[in-house]
Amino acid sequence: MYTQALNDPANKAATVAEGEEEQNVRFMARIDADEKIEPNDWMPDSYRKTLIRQISQHANSEIIGMLPEGNWNTRAPTLRRKATLLAKIQDEGGHGLYLYSAAETLGISREEMEHQLITGKARYSSIFNYPTLSWADIGTIGWLVDGAAIMNQIPLCRCSFGPYARAMVRVCKEESFHQRQGYEILLALCNGSDEQKAMAQESINRWWWPSIMMFGPHDTDSTHSDQSMAWKIKRISNDDLRQKFIDATVPQAHFLGLEIPDPDMKFNQETGHWEFGKIDWDEFKQVLAGNGPCNRERLAARTKAFEDGKWVQEAALAHAKKQAARAANKEAA
């Protein structure tokens, strides 16, 4: 999709001659004009580092996100459910590929990003450190987790960095399918037996608050939001995205006949928004710090996959080297 050959800016010499301050003024003028920044364009080092951090962590989340759903591959209740779940997991792997490729255009290798993930240097979404205890969780993940992801990701289609924005167009289309798939699972459960509806409600009770935390800290406590908004990497603030998600999701829950596990939830007629209770940010911080229910399990699984797949990487590199040697011999002849 992208190539690491784009990493070296063509105007590097001009950058030195012109001076970084002048370049930064021109860069911000392009941002303000809603122009897309491409890999060969000059950009501040801080802009590049912010993008690498965000895109790599986004890619990590897609890859780690395959694990809780993969837990149900062999236990899906019907062949149809298994086929759609497998398709969804495959999509998530593809999303990780798009995003790692986009990050590579910024000068970081995929190997380095994977090393950062398995050593704990790079993060992934806190939501994937919770276990999938019932089949209803697969529906809840699709509806709530992927729904929150879509709310976060649609504005990224207008991100100022071209490769990231273009990757997100396809990602969002596929995520919308995942959300509908999850909601359909819950709809079937809620229209089933009392036990099935109870299973759906129990799942919502566990996943609601972690889903709300997916949007990150409150705007006043967010470290990177202001600068990311100024660079138009981010278009909408954490709190505004969280409110949009809640306003869209509560009526869907009511249609299912499910209760939101928040006793403080109420509709404000004046503002037209659903008001909600306090978020347990201590839990959020604990999960980010590596103390969630499945943090160690997730990293152990990813590390094992990395180690088990080394022979594939070595074989691919050996094949590429062999092909390059053959091409060189043909040219010499």
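What is on screen is a predicted model, in which local features need pLDDT of at least 70, side-chain atom pairs count only at pLDDT 80 or more, and totals for chains, interfaces and linings use all residues. Residues are numbered from 1 along each chain as its sequence is written, and side-chain values use heavy atoms, with hydrogens and water left out.

Confidence first. pLDDT is the predictor's confidence in each residue, from 0 to 100. The chain averages 92, and 95% of the residues score at least 70. Where does pLDDT stay under 50? That stretch is residues 1-17, for which the model has 32 contacts beyond four places in sequence; a contact here means heavy atoms within 4.5 Å. Helices are DSSP runs of H or I with at least four residues, strands are runs of E with at least two, and both are numbered from the N terminus.

Next, H9 itself. This helix covers residues 194-213, so 20 residues, and its first and last C-alpha atoms are 30 Å apart, close to the 28 Å expected at 1.5 Å a residue. The expected span is 1.5 Å times one less than the number of residues. H9 bends by about 35 degrees at Trp-207, and a proline, Pro-210, follows within four residues. The bend at a residue is the angle between axes fitted to the seven residues ending there and the seven starting there.

Which residues of H9 are buried? Among them are Ala-200, Ile-204, Trp-207, Trp-208 and Trp-209. Buried means under 20% relative accessible area, exposed means over 50%, and partly exposed is in between, with a 1.4 Å probe and protein chains only. The buried residues of H9 pack against H7, helix H8 (162-190), H11 and helix H12 (281-291).

Ile-141 is in helix H7, residues 135-153, and counts as buried at 3% relative accessibility. Leaving out residues up to four places away in sequence, Ile-141 touches Glu-69, Lys-88, Thr-132, Asp-146 and Trp-207. Asn-238 belongs to helix H11, residues 238-256. Its relative accessible area is 5%, so Asn-238 is buried. With the sequence neighbours up to four places away again left out, the contacts of Asn-238 include Phe-215, Pro-217 and Ser-225.

Now the rings. Rings of Phe, Tyr and Trp (the six-membered ring for Trp) pair if their centres lie within 6.5 Å; planes under 30 degrees apart count as stacked, over 60 as edge-to-face, and the rest as tilted. By this rule there are 10 aromatic pairs. One of them is Phe-27 with Trp-42, edge-to-face, at 6.1 Å centre to centre and 80 degrees between the planes. Phe-27 lies in helix H2 (residues 20-32) and Trp-42 in the loop between H2 and helix H3 (45-64), so the pair ties together parts that are 15 residues apart in sequence. Both Phe-27 and Trp-42 are buried. Ring pairs link Phe-27, Trp-42, Tyr-47 and Trp-231 into a cluster.

Ser-160 is in the loop between H7 and H8, buried at a relative accessible area of 3%. Lys-232 sits in the loop between helix H10 (225-230) and H11, and has a positive phi of about 60 degrees although it is not a glycine. Is Lys-232 buried or exposed? With a relative accessible area of 18%, Lys-232 is buried.

Asp-34, in the loop between H2 and H3, has a phi near 60 degrees, a positive value in a residue other than glycine. At 43% relative accessibility, Asp-34 counts as partly exposed.

Last, H3. This helix is mostly covered, with 14 of its 20 residues buried. Arg-53 is found in H3 and is partly exposed, with a relative accessible area of 26%.
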